[in-house]
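Please look over the model below before reading on. The report that follows covers strand pairing, backbone angles, salt bridges and surface charge.

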Amino acid sequence: MDSSAPKAARYAFTTDADLVVQSWSEAAAHATGYPASVACGRTLGRLFPAPANAPVFRRLHALWQEPEPANLRWPIEVDLDLSLQPQPDTPPARLRVRVLPLRDKDELTGLAAELEGTDDTATTTTEALASGDESARARAAMEAAGASAAQGQVGADLIRALGDPSWRVRRAAVHELARHATPELVERLVRALREHHDDAAVLNSALSALTMAGLDAVTPLSRLLEDPDAAVRTYAAQALGLLGNVRAVPALIRAVETDTDANVRYHAIEALGRLEARDAEEVLLRVAGSGDFFLAFAAIEALGRLGDAAVAVALAPRLEDAHLRPAVIEALGRMGDLRVVGPLTAVLSKEAALAAPVARALKQLHDRLADELGEEELVGEAFRRSVEPAGVERLLAALETASAGDLPALVAVLGWADSPEVAPALARLLARPALRREVVEALVRHGGRATDWLVEQTRSEDPEVREAAVTALGRVGDASAVPALLAVAQQDPALLIPVAGALGRIGDPRALEPLLGLLGHEKAPVRMAAIAALNSLGHPELAARVRPLLRDPDPRKREAAARIVGYFGYPECLEDFFACCTDEEEAVRAAAVEALGVIEDERAGPLLAQAMEAESARVRAAAVHALGQRPAAEALPWLERAVVDADPWVRYEAAKALGLLAAPEGLPLLEAMAVEDPAIYVRAAALEALGQLGGAEAVRVLAGAAKSPNPDLARPAIHALGEVGHPDAIPVLFDAAKRPESELRLEAVRSLGRRGGPQTAGALEWVATMDPDESVQIEAVRALGIVVSDETVAVLAALAAEDSLRPVVVEVLSGMGEPGLGVMESVWPRAGREGRQALVQAWARMKCPRATGQILAALDDPDPAVRRAACLALGRLGAGQAATRLRELAETDPDPGVRRAARQSLEPLE
């Protein structure tokens, strides 16, 4: 090599496990003639293509094919032939390279190469980290970590890099320190925290590295809580909170109780909250009531993170302190239960400015208890019992000044209030589009009391407000609103569809004539809305009123009448109905023919055969639709013709009909359609129909379509596999649950849930824990509850260990009801702590004697967390038979949390 070449870095280049170059130094560029922009991202085989190099690369590749040989010694020395390299300044040569391992913990993740004749690592790394080039310093940080790890040492240069002015370099140093963490490294990081705590860059980077390292940093950091420097103690407390290790709790409690510096105590309190340290409840409650507002606010915030309703009850008296009141309100909303509803509503009488925060807390409490207990009305009922008229007035006043973010909570809480002043105030809010859904829900809860105010809003100048009012009146179901709805129908043609829907829901006979009058409307959606409303109304005079319409000169009325008669099958109307099957108007014929499938009359068959020969594709499609509801022997010959009809909608209806018939003779017809039909929607219909037929052959066709890159084909195939009762469908669905498209994974999860069985339970557990999309995980949990079995309940109990999944696990378990109780009882002995807690919460939702008996038995569980959950559940249920056992636990249980929960659960029982 040219003696003028620059000094080579210790790491000339690095690769990943596929020998793809990840970094490329200036020394490597000089030696090979390739700049970093060319080398990075290419394999060594492409960079060094000389045939003599092939055995070298095979040897390096082999390192990943089997465990490392016991006699392997690093570094590995190899020669690379550079004869094919572009070296303008040097003749072709061989390059001597020493290869070192790059590891992530014990796993070999890549290789690093040193060039022969390099200088000392510390010198070259130090120089590189002092470079004026930000990218060079970041690269040097990564290379320094690998070199240190290969030699079993800790890179002091990396510690210095934590203070680099560039956040990119600091991030690289933090990442590499965490990847190559050793006990020695933890000590060095702790030392850096102590020595450089006044340097924000070093401090934050050291904290990040300690948090990511995954090694025991609790012991050395806890020692720093005894450091003479209060700043060091402060940052040690902060670091212990960030580590997330509960072993730090005792040291942090000591700091809260004994440290003389308020800032240290503040950060120790904050860390205890971050750790959700239940052992700190007593000390935090003392601080919250100490009168030291600086620390009290931190303690209340920390208590709010614990999610302990018993602590919330103990904290509620702090609402008397005006300074602490806002923080306590927020904490009670986060962790309270029904016992804090009264104290929260009492605040409304004390301070008008806190109406919105109280509403937020009550809404949060409602949502959480609805998730935990499956009860939507508990908080609303407790609110109505405790709120004073002045409190309602202050909530109403807050509507005028509240921020957009607070209005939904205010509206929801006012929806619970039993006051005549609420409905008009809420009705006026229909003019706000962002609130409209919440306002409608709140007004519906007020029932008939909201009718007059909603009727008033049907006269609003805003058409969206009028529509919202009409929809709400339909949901309220008050017959006194019918005249107003009929007036809207007369005055506002744009609202005919929602008016028809509302009239159908109310079911008042006065709607018959107006709805009949809409059957000839020029717009088809209005006619269809009127037909649906009349079918829902079921008026006793409907047959007599509709029969003349079958012969009406207006074809729109004849079509509508045919649909109504087809729905009800009125015998007295059949003669005129059959005449509609040959009506001169295509729409009338199609409507009547479509209903022939359910008409039990000997004339239906010949009329269907005649329709199958019709020139009109619309009529043929209607006939095919009807054939799906006729006997298979009658329908199959016609469907064999329909699957090759020139019109795609006829073929579509044929696929649907073959699925409804579920006759084995239809399988080859459906397979041909699923594979060959030129219309995607026809192929999709054929795939869905194959699911209704079932069997191994159907699975074979569906499996191919489930792998299609076209989601419009993959989705119906995956759905259909959930309908097929064949074991071959399970592995196909499991593969579909790993597809990159989240909507297809959701479909696969739902299909696995419908199948049930031990194999599907395992697949759904994998999805619930491994899928990157939380919505898919939750859907997997819900799918596990579709089929109740020992396997699914056991998996659900295991998934309760995941914090994000526990609420839906409880919901699913409770939804199994009494039929699932026996299975849950059999799973109980082998469920983990979180699983048993989830079972207790599910039994509390069921509210049946057998489930309550299981909760009583859980009071003897060896785990205090489970006993505590059982105590709280019995208190919520008001289970009087538990009083004796709860008194015993309140006095003798060895766990203070269980004793406290037992005492507080006794309150509503005594």
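## Strands and the hairpin

Phe13 stands opposite Trp24 in E2. This is a predicted model. The two strands concerned are E1, residues 13-16, and E2, residues 21-24. E1 and E2 pair in the antiparallel sense, with three bridges between them. Together E1 and E2 make a hairpin, and four residues separate the two strands.

Leu19 sits in that turn. Its place is the loop between E1 and E2. Leu19 has a positive phi of about 60°, although Leu19 is not a glycine. Is Leu19 buried or exposed? Leu19 has a relative accessible area of 2%, so it counts as buried.

E1 also has a partner in E5. E1 and E5 run antiparallel and are joined by four bridges. Here Thr14 stands opposite Ala112 in E5. E5 pairs with E4 as well. Strand E4 covers residues 94-104, and its pairing with E5 is antiparallel over eight bridges. Val99 faces Ala113 of E5, the two residues standing opposite each other.

How much of E5 is covered? Strand E5 spans residues 107-115, and seven of its nine residues are buried. E5 is thus described as mostly covered.

## Another positive phi

Glu276 also calls for a look at the backbone. Glu276 is not a glycine, yet its phi is positive, at about 50°. Glu276 lies in the loop between helix H14 (262-274) and helix H15 (281-288). Its relative accessibility is 49%, so Glu276 counts as partly exposed.

## Salt bridges across the chain

How many salt bridges does a search of the whole structure find? The search finds 51. Among them are the pairs in this table.

| Pair | N to O distance |
|---|---|
| Arg325 and Glu351 | 3.0 Å |
| Glu613 and Arg641 | 3.1 Å |
| Arg745 and Asp771 | 2.5 Å |

Take Arg325 and Glu351, whose side chains meet in a salt bridge. This pair links distant parts of the chain, 26 residues apart. Arg325 belongs to helix H18, residues 325-335. Glu351 is in the loop between helix H19 (341-347) and H20. Arg325 has a relative accessible area of 7%, so it counts as buried. Glu351 has 27% and is therefore partly exposed.

The side chains of Glu613 and Arg641 also meet in a salt bridge. Glu613 and Arg641 are 28 residues apart and link distant parts of the chain. Glu613 lies in the loop between helix H36 (604-612) and helix H37 (617-627). Arg641 is in helix H38, residues 632-642. At 43% relative accessibility, Arg641 is partly exposed.

Arg745 forms a salt bridge with Asp771. The closest N and O atoms of this pair are 2.5 Å apart. Asp771 has a relative accessible area of 6% and is buried.

Some salt bridges share partners. Which residues do they join into one network? The network is made of Arg278, Glu281, Glu282 and Arg900.

## Pro55 and Arg278

Along the sequence, Pro55 and Arg278 are 223 residues apart. In space, their C-alpha atoms are 61 Å apart. Pro55 lies in helix H4, residues 54-61. Its relative accessibility is 41%, so Pro55 counts as partly exposed.

## A negative patch

Which residues form the negative surface patch? Asp371, Glu376, Glu377 and Glu381 form it. Glu377 is placed in the loop between helix H20 (355-373) and helix H21 (378-386).

Conventions
Residues numbered from 1 in each chain as written. Predicted model: local features only at pLDDT ≥ 70, side-chain atom pairs only at ≥ 80, totals over all residues. Heavy atoms only, no water. Patch = residues over 30% accessible without salt bridge, like charges linked within 9 Å, V, L, I, M, F, W, Y side chains within 5 Å. Areas by Shrake-Rupley, 256 points an atom, 1.4 Å probe, with all protein chains shown as cover. Salt bridge = Lys/Arg side-chain N within 4 Å of Asp/Glu carboxyl O. Lys, Arg positive; Asp, Glu negative; His and termini not counted. Charge placed at Lys NZ, Arg CZ, Asp CG, Glu CD. Buried < 20%, exposed > 50% of the residue type's maximum accessible area, 1.4 Å probe, protein only. Pairing = 2+ DSSP bridges.
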